[in-house]
Each structure stands twice: as C-alpha cells, then as structure tokens.
Amino acid sequence: MSEMLTIRNHADLLEEEEHHSLRGREFGFWLFLMGDAVIFALLFATYVVLSGNSAAGPTSQQVFDLSHTAIETALLLVSSLTFGIASLAMDKGHGRAVILWLLITLGLGLGFLAMEVLEFRGMILQGAGPDVSGFLSAFFTLVGMHGAHVAMGSISILVMIGQVMTKGLTLPVRSRLNRLGLFWHFLDIVWIGIFSVVYLPGVM
C-alpha cells in the first residue's frame, strides 16, 4: 500500500513539474510575441514614412492589384478559422479531426505563400524590385517579413501534425498547439494591418 502511495506521489510531482515547465514556456512565448509585435510596428512605421518616396520608379497604384490581395486575405482569414476549429477538436480530444483541420490550415497557408511569391515575381518583372525606391524597399521588407513568418508557421504546423500522429494529444503537445495557434492568429492580425495600411491606401 505504501509503495502505491509513493508511486502516486511521484507521479503527482512529475505532473506538477511538467505544468510548471509549460507555464514557463508559455510566458517565454508571450515575450517572443510581444517582441515580434514591436518589430512589425517598426516596419509599419518605416513603410508609412517611405511610402511616398517612389523616386523615378513605379508608384503603388501602378503595381498593387487589390483583387489579388483580396484572395490572399481570404486565404489567411479562412486559415485562421480552420486553425480555430482544430483547437476546438483538440479540446474535445479528437486527434484525427485535429490532424485534418491542421492539414487544411497548412494548405491555405501554402496557397497564401504561393500567391505572395507570384506577386513579388510579377512586381520584379515590371521593374518594381526592392532596389528601385524607398517605397518598394519598405514594402518588400514589411510584406516579406510577414511572409517569412507564415512560412515558419507552416513548417511548425507540419511538425505539429507529426507530433499529434506519433505522440497523441498529450499535455505538452496541446501546449505547443495552443502557442502555435496564438502565433497563427497574430499573423492574421498583422496581415489585416498590412491590407489596411499598405494596400488600401496604395490604390486610392
């Protein structure tokens, strides 16, 4: 009987240590996210200052295609929704549903990246590369940084799909999925800012 109590106490201690470790990681993640928000705020400020500096190169009205950007926006917004559904499935313990919705989210994220690459390629072929003017340098830096984050998020989703398949919905896996979900929704918010600050004023 005493041995059983000892084993149970040991298991409780391990679980308590795991919770404490995960809380520390979650705090560290929030610090990372706040630092990332500061970086994007600086990039937004730089773009606003340089947006009128097109030099002898093309202006935003000549290079921006709002219909293309609207499709990108729809892909990213829907991907945020599908990630939310994956999170709900995780709360219910439905591992297969989590994998399915993460795969859909990944597909939408990759579709967004493909459209962004096509946009950048088209602009460069038109002679609107990042080396042409301050406006274009700021544009490629801001939007490219967001795209790099989406690429990192997509890789992370792929990793989490593998973890759910191999480890199941354990406490550490759930914690990583929650943090990844916050990161993905953060990218959604940043993109709404890009759409509102960069693209909409650029075509008006």
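Ala, Val, Leu, Ile, Met, Phe, Trp, Tyr, Cys and Pro count as nonpolar, Asp, Glu, Lys and Arg as charged, and the others as polar. The exercises below concern a predicted model.

**Exercise 1.** Find which residues line the largest pocket and how they divide by class.

*Solution.* Begin with the lining, which is made up of Phe29, Phe32, Met152, Ser156, Val159, Met160, Arg176, Arg179, Leu180 and Phe183. Next, trace the lining back to the helices, where α1 (2-50), α5 (134-167) and α6 (171-203) are the elements that give two or more residues.

**Exercise 2.** Compare the reach of helix α4 with its expected span, and say what follows the helix.

*Solution.* Helix α4 covers residues 95-125, a run of 31 residues. From its first C-alpha to its last, α4 reaches 45 Å, which is close to the 45 Å expected at 1.5 Å a residue. After α4 comes Gly127, and the phi of Gly127 is positive, near 85°.

**Exercise 3.** Describe the protein chain as a whole, from its secondary structure to its contacts and surface.

*Solution.* The secondary structure consists of 6 helices and 0 strands, and along the sequence the pattern reads α-α-α-α-α-α. Taking contacts between residues at least 6 apart in sequence, 81% join residues at least 24 apart. With buried meaning under 20% relative accessible area, 41% of the 204 residues count as buried. The chain exposes about 11000 Å², and carbon and sulfur atoms supply 69% of that area.

Conventions
Residues are numbered from 1 along each chain as its sequence is written. This is a predicted model: local features need pLDDT of at least 70, side-chain atom pairs count only at pLDDT 80 or more; totals for chains, interfaces and linings use all residues. Side-chain values use heavy atoms; hydrogens and water are left out. On a 1 Å grid over the protein atoms alone, a cavity is a set of points where a 1.4 Å probe fits but cannot get out, and a pocket is an open set with protein on both sides within 12 Å along at least five of seven lines; lining residues have an atom within 4 Å of a point. Helices (H or I, at least four residues) and strands (E, at least two) are DSSP runs, numbered from the N terminus. The expected span of a helix is 1.5 Å times one less than its number of residues. Buried means under 20% relative accessible area, exposed over 50%, partly exposed in between (1.4 Å probe, protein chains only). Contact means heavy atoms within 4.5 Å. Accessible areas come from the Shrake-Rupley method with a 1.4 Å probe; for residues, only the protein chains shown count as cover.
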